[in-house]
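This report describes selected features of one protein model, with the cut-offs used for each term. Please consult the sequence and structure shown below.

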Amino acid sequence: ETSSVTMIKQWYQRRVRGKCQELSWSDKKQTFWQITGQEQWNWKTKVCSEPNPGDSWCICMWATANLIDKVGCKNVHINCAATDVPYLLGAEKDGGWNLADARECIKEKCPEPKTEEVKPSNL
């Protein structure tokens, strides 16, 4: 069973001069859809269209692990601010996929924000 929690990936496009362009995910300049064999489900028009054009889309953790396995962490585009990083870091498997490599990649791509120690003021 696949977890209902998904990761938001900046995997689809970026805005260049107002136009939507797919990101390259490999040294072969393949798109997310080509690498995952899901070209028939390419949602480019929905992701890029009004009323809410964006640059990211949700994919599940097993698909993330599969993508990292195929293209390597350095080629993965992740929108860290929109990803449930703590949930992924605590997960072992999703959809039958071992998430160990995905967790390591997320740690590399989405380091925890540094927080300053808050000290009570002297009254």
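Which residues of helix α5 (residues 100-109) are buried?

## Basis of the model

The model is predicted; local features need pLDDT of at least 70, side-chain atom pairs count only at pLDDT 80 or more, and totals for chains, interfaces and linings use all residues. Residues are numbered from 1 along each chain as its sequence is written, and side-chain values use heavy atoms, with hydrogens and water left out.

## Helix α5

Ala-102, Arg-103, Cys-105 and Ile-106 are buried in α5 (buried means under 20% relative accessible area, exposed over 50%, partly exposed in between, with a 1.4 Å probe and protein chains only). These residues lie on the same side of α5, because they cover an arc of only 165° around the axis, taken from the directions from the helix axis to the C-beta atoms. Asp-101 and Glu-108, on the other side of α5, are exposed. Helices are DSSP runs of H or I with at least four residues, numbered from the N terminus.

## Disulfides

The structure holds two disulfides, each being a pair of cysteine sulfur atoms within 2.5 Å. In one, the sulfur atoms of Cys-73 and Cys-105 are 2.1 Å apart. This pair links Cys-73, in the loop between α3 and α4 (85-90), to Cys-105 in helix α5, 32 residues apart. The torsion about the S-S bond of Cys-73 and Cys-105 is about 85°, so this disulfide is right-handed.

Cys-80 and Cys-110 form a disulfide with sulfur atoms 1.9 Å apart. Its S-S torsion is about -75°, so the disulfide is left-handed. Cys-80 is partly exposed at 26% relative accessible area, whereas Cys-110 is buried at 8%.

Definitions and conventions
Helices (H or I, at least four residues) and strands (E, at least two) are DSSP runs, numbered from the N terminus.
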